[in-house]
Amino acid sequence: PELLNSLMPLYDDDPTANKHYGLDAEVRTLKYDADQDGIVEAGDRVFLFFGMGRGGTNYYALEVTNKDNPRYLWTRTPTQLGKLGQTWSAPILTRVLVGTGTGQNLQRLVLVFGGGYDSSQDNVDYNTDTIGNAVYMIDAVSGNLLWSASDTGANTNIATMTHSIPGNISVLDL
């Protein structure tokens, strides 16, 4: 819905001085293939996760197990993730141990991504950023925020996190 107003200008294809952006970020896929036969069938699930890139400040999740009937799961915006900039950082899918003990049932599928790009960096002058200077971890299925790091207002506050993080995050198992 954030891009519906763009459809007519794109269709008209009139010359313009300003470049027009839409969804131009990487798409990440989670395919759960219960019997590992490579065919999507009963018991399997397929999810897509993506940001808007230069086109906006949202992340989305869709379930596309049935390609003829995709299902919207969630959208995350700067309203939920206060430091979110333009969503250039591809969401990295991983598992995180939640709670105490051991075992697969204590692990949760999460997405980890950088806070994005602060378009104030389009200017020539050096400046620190007030958006995009964060790292987020959200539950992959519900979209709920599990953890964040930034200079202020996060679970982990690090005063020196003063620059946006538009790149992909690397996840390490320690």
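This is a predicted model: local features need pLDDT of at least 70, side-chain atom pairs count only at pLDDT 80 or more; totals for chains, interfaces and linings use all residues.
**Aromatic rings, pair by pair**

Trp88 is partly exposed, because its relative accessible area is 33%, between the 20% that limits buried and the 50% above which a residue is exposed.

A pair of aromatic rings is described by two things, the distance of the centres and the angle of the planes. Six aromatic pairs are counted in this structure. One of them joins Phe47 and Phe49: their rings are stacked, with 6.2 Å centre to centre and 20° between the planes. Look next at how hidden these two residues are. Phe47 has 4% relative accessibility, so Phe47 counts as buried. Phe49 is buried as well, at 2% relative accessibility.

Now come back to where we began. Trp88 has a partner in Tyr117, and this aromatic pair is stacked too, at 4.4 Å centre to centre with 15° between the planes. Trp88 belongs to the loop between β4 (71-76) and β5 (92-97), while Tyr117 belongs to the loop between β6 (107-114) and β7 (134-139); the pair therefore ties together parts that are 29 residues apart in sequence. While Trp88 is partly exposed, Tyr117 is buried, with a relative accessible area of 11%.

A last stop brings in a charge. The ring of Tyr21 has the charged end of Arg54 sitting over it, 5.7 Å from the ring centre.

Terms used:
Residues are numbered from 1 along each chain as its sequence is written. Side-chain values use heavy atoms; hydrogens and water are left out. Rings of Phe, Tyr and Trp (its six-membered ring) pair if their centres lie within 6.5 Å; planes under 30 degrees apart count as stacked, over 60 as edge-to-face and the rest as tilted. Buried means under 20% relative accessible area, exposed over 50%, partly exposed in between (1.4 Å probe, protein chains only). Helices (H or I, at least four residues) and strands (E, at least two) are DSSP runs, numbered from the N terminus. A charge sits over a ring if NZ of Lys or CZ of Arg is within 6 Å of the ring centre and within 35 degrees of the ring normal.
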